[in-house]
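Open the model in your viewer and keep the selection tool at hand.

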Amino acid sequence: MTLRLGDTAPDFEQDSSIGRLKFHEWAGNSWVVLFSHPADFTPVCTTELGLTAKLKPEFDKRNVKAIALSVDPAESHKAWIKDIEETQKTVVGFPIIADADKKVSVLYDMIHPEQSVTATVRSVFIIDPNKKIRLMLTYPLSTGRNFDEIVRVIDALQLTDGYSVATPGNWKDGDNVIIPLTIQDPEVIKQKFPKGYESPRPYLRLTPQPNK
């Protein structure tokens, strides 16, 4: 199945570290970070789940739920969570999907045969409260993900959803943003962007970030 930005994230029901889980029902009205792992008790994955656990306060501020996936069974996940908490000095406050039959992995195209015919690659899906896929990232098995970047993208998505702006490269929360080319009327610009803007080029208008 080919998934694209703007598609509805496929729903599923699957076992997890917290019991049977219906994805859309569990997600509710939150943003979701769904991310996959090759296997339990692997070193890169252990650090990644530890980082995600430590980000819970930041995710909570942004109305974000995290959920991981591995093709190992739920009992293995539960033992792995204890290991993560001990080695990473944190508390894993999110579920891990037990995708032993690879149903979800196939649904979300997480198995790339040139990487592994059995294990999932390091996929990331950011899904909004309307269950629409807003971002997809795929990392190779050997490379850990940058979770600061995932938070940065969530900030950008939530900001641009709320205001008529775009974000420049390497943008961080609080930086100047871009007035889109779709807004040309000077009166509309004055109304929407009362702090004004600078324009190093006619097509590039930078304005202070609106208050979220």
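Select Leu 34 first: Leu 34 stands opposite Phe 125 in strand E6. Bear in mind that this is a predicted model.

Now widen the selection to E3 (residues 31–36) and E6 (residues 122–127), which pair in the antiparallel sense over 4 bridges.

Is E3 mostly covered or mostly open? The strand is mostly covered, with 6 of its 6 residues buried.

**Helix H2**

Next select residues 43–54, the 12 residues of helix H2. From first C-alpha to last, H2 reaches 17 Å, close to the 16 Å expected at 1.5 Å a residue. Colour the buried positions of H2: Cys 45, Thr 46, Glu 48, Leu 49, Gly 50, Thr 52 and Ala 53.

**Cys 45**

Finish on Cys 45, which lies in H2. An unreviewed UniProt entry places the feature "active site" at this residue. Cys 45 counts as buried because its relative accessible area is 0%, under the 20% cut-off.

Which residues are in contact with Cys 45, leaving aside its neighbours within four places in sequence? Select His 37, Pro 38, Ala 39, Trp 80 and Arg 122 to show them.

How values were computed
Residues numbered from 1 in each chain as written. Predicted model: local features only at pLDDT ≥ 70, side-chain atom pairs only at ≥ 80, totals over all residues. Heavy atoms only, no water. Helix = DSSP H or I, 4+ residues; strand = E, 2+ residues; numbered from the N terminus. Expected span 1.5 Å × (residues − 1). Buried < 20%, exposed > 50% of the residue type's maximum accessible area, 1.4 Å probe, protein only. UniProt positions renumbered as here; feature names shortened; annotations may be inferred. Contact = heavy atoms within 4.5 Å. Pairing = 2+ DSSP bridges.
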